Structures are given as C-alpha cells and as structure tokens.
Amino acid sequence: MNAKRWSRRPQAPLVLVLAAVAATFAPGSAIAAGGSIEISAVARQGNELRVEGTATFVDQPFVVLGTDPEGDGPIGQGGPLVRAAGADLTAISARTTLDGKVFMRWTLSEFPPFDPDGAPGIYYSWRLCLEGGSPCREVVAHSMRATSQEFEGVGSVWRCGSYICNSQEASLIRADIPVTFDRSSLTVTASLEPADFGAELGSTIVHQGEFASPVALSWIGDRGSGHPPLATRVDQLGDSPETAPKEYAIGARRVSLAIGPAGLAPETVSYRVTVEPSGDGAFSGWLDVEDLSGPHTIYARACFGTDNCAYTTTDVALG
Ligand SMILES: [Ca+2]
C-alpha cells in the first residue's frame with residue numbers, strides 16, 4: 001500500500017532535512033548473502049523519512065517445495081522397479097534467475113537407465129495453479145532420446161480444466177520446453193519463461209486447488225506418447241492437502257523497508273513498505289515516523305525470490 005502511495009506522490013523536492021537525522025546517519029552495508037543493499041541517504045519530510053539507496057540481486061538458488069519418500073509408489077507397481085526405471089520422485093524444487101527464467105526440477109532416487117532402444121519413456125509432471133484463480137497448468141518433462149551418456153529431454157505445458165489435469169481436458173499450449181537430465185544430481189530440470197505458463201515475475205504458484213490431488217507425478221509409457229495420463233502413473237508427490245508442496249513466488253526484484261527499535265534481527269522484522277527498484281538497483285521509499293521519537297533503526301531488505309535476501313540497517317535519531 002505504501003509503495004503505491006509513493007508512486008502517486010508528486011516529485012517535489014525535499015524541503016526539510018532534520019539535523020538530528022543527518023548527524024547520526026551512518027550508511028549501512030549488507031550483512032547477509034543473497035545480493036547486497038546499501039542505504040545512501042535518509043531525509044525527513046514532514047512526518048515521513050525518505051530512504052534512498054542501491055541494491056544488487058543474485059540468481060535465486062533452488063528452493064525445495066516438497067519431498068516424497070524413497071522407494072514408495074502405488075501398491076502393485078513395486079518400489080524397486082519404479083526406482084530402477086528412474087521414476088521414484090523424492091523432491092520438487094524451483095528457482096528463478098535474473099534473466100527471467102523459471103526452473104522447475106524433479107529429484108529422483110535413481111537415474112533412468114540408458115537404453116536407446118528398449119527403455120520406456122519416463123514422464124515427470126508438475127501441476128500448478130497461479131494465485132488469483134487463473135486456469136491451472138501441468139508442466140511435463142520427458143526423455144525423447146537416450147545416447148550412451150545422456151538423455152535428450154523435452155518439455156511441454158498443458159492447460160487444465162481444473163486442478164486435476166486429466167487427458168480429456170488437457171490442451172497443449174507450449175511444446176519444446178528445454179529439459180536437462182543430470183546424472184550427478186539425480187535431477188530432471190525444465191527451463192521455462194513465466195509467460196509459458198501464464199505467469200509473470202512476482203506471480204505466486206500454488207499447489208493445491210479445490211480438490212486434493214498429487215502435485216508432481218511420474219509416468220512410464222512409450223516415448224512421445226503425448227499427455228502423460230496416456231502412460232502409466234507410478235509415483236506421486238503431495239497427494240494430500242497435508243503434504244501439498246508449499247507455494248512458490250517467482251522471483252522479482254524487491255526492496256522492503258521498516259523502522260523500529262535497534263537490535264532486531266533483520267530477518268524477523270515486519271517490513272511494511274515495499275518498493276520496486278529501478279533497473280540499476282536504485283530505490284527510494286517512505287517510512288511513516290509521525291508517532292516516533294528518539295533513537296530508531298531503519299531496516300532495509302533486498303530480495304530476489306524466496307530465501308534470497310540481503311539486509312542492512314541504519315540508525316537514526318528522530319526529533
Ligand atoms: Ca517417491
């Protein structure tokens with residue numbers, strides 16, 4: 001709300017700089033990994049402090065959103081066979097990079113066998129919806145060809161009629177999504193643009209719709225057979241509301257500000273003002289200090305996605 005107020009504010013020059021603020025202001029520096037943030041100026045105008053600075057951001061590391069036991073699988077399918085086929089899911093995770101790509105990753109207990117002629121196709125799917133009620137999607141990755149060392153993968157995005165994305169209602173909206181198979185990390189990773197699944201930077205992916213349903217699944221079938229329900233479903237992750245993977249906010253550059261007593265852990269502060277920095281990382285925002293007096297600390301946070309933040313603090317004395 002405050003960010004919107006700032007965006008509507010007339011660009012009037014600052015008319016009052018409080019001497020007490022200037023005298024005690026000491027620019028801070030980043031105190032945690034995840035980029036950097038610095039406050040370069042603090043000035044008072046009426047009942048508000050204007051805070052200016054610069055932030056830098058770094059690619060978000062993979063965030064684990066949900067896990068699944070090793071060696072499980074539907075009754076009758078046989079855990080060891082599912083594992084040996086490379087279809088035993090153990091986790092899903094996601095990351096956003098600064099160039100605007102979203103990576104969706106399935107982790108396995110064992111890697112699929114390399115058999116260019118005989119091995120079946122293994123499909124990995126991920127069902128998601130976007131906060132705000134847009135149509136749900138299913139992202140599918142699978143092996144197209146196997147060489148002596150690696151799989152050549154490809155992915156697709158399907159529009160679903162409901163959170164439960166069955167083949168009768170699924171329609172293909174994107175094909176040729178890049179997919180990589182990595183033997184060392186036992187992972188399969190699809191590389192998407194947010195627009196591929198109807199999202200944008202800052203959108204939030206949610207994983208449980210109106211109906212309880214698995215979020216991530218693996219399937220075995222002929223290679224290239226289309227939507228995975230045409231294959232046989234063999235493992236699933238997040239198959240009840242209790243185990244639904246957590247939400248995921250697609251990374252966007254954000255700076256947040258707060259003011260409070262000195263000595264708080266910056267990671268635990270409630271940041272009530274959020275601003276979007278310019279392309280070079282410069283930011284400015286306003287803090288309401290109408291009811292405050294005496295020594296206080298300005299807390300600033302720069303985040304690019306979940307668990308990928310830098311923090312800084314600056315002490316001020318309010319008259
Ligand atoms: Ca499993």
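A: Thr-54 has Ala-282 of strand S17 as its bridge partner. This is a predicted model, in which local features need pLDDT of at least 70 and side-chain atom pairs count only at pLDDT 80 or more, while totals for chains, interfaces and linings use all residues. Residues are numbered from 1 along each chain as its sequence is written.

Strand S2, residues 48–56, pairs with S17 in the antiparallel sense over seven bridges. Two strands count as paired if DSSP finds at least two bridges between them. Strands (E, at least two residues) and helices (H or I, at least four) are DSSP runs numbered from the N terminus. S2 also pairs with S1, again antiparallel, over nine bridges, and Val-42 stands opposite Val-51 in S2. S1 and S2 form a hairpin with two residues between them. Gly-46, in the turn, has a positive phi of about 65°.

Together these strands make an open sheet of three in the order S1-S2-S17, with antiparallel pairing. From one strand to the next the twist averages 25°; axes are lines fitted to C-alpha atoms, for helices over the stretch in contact, and angles run from 0 to 180 degrees between N-to-C directions.

Ala-300, in strand S18 (residues 294–304), touches residues including Ile-37, Ile-39, Val-51 and Gly-53, with positions up to four places away in sequence left out. Contact here means C-beta atoms, placed from the backbone, within 7 Å. Ala-300 and Ile-39 are 261 residues apart in sequence, yet their C-alpha atoms are 7.8 Å apart. Ala-300 counts as buried because it has 29 C-beta neighbours inside 10 Å. The rule is 20 or more other C-beta atoms within 10 Å for buried, 12 or fewer for exposed, and partly exposed in between, with C-beta atoms placed from the backbone.

Across the protein chain there are three helices and 19 strands, and 40% of the 319 residues are buried. Of the contacts between residues at least 6 apart in sequence, 63% join residues at least 24 apart.

As for confidence, pLDDT is the predictor's confidence in each residue, from 0 to 100. The chain averages 83, and 81% of the residues score at least 70. Over residues 1–32, pLDDT stays under 50.

Notes. Two residues are in contact if their C-beta atoms, placed from the backbone, lie within 7 Å.
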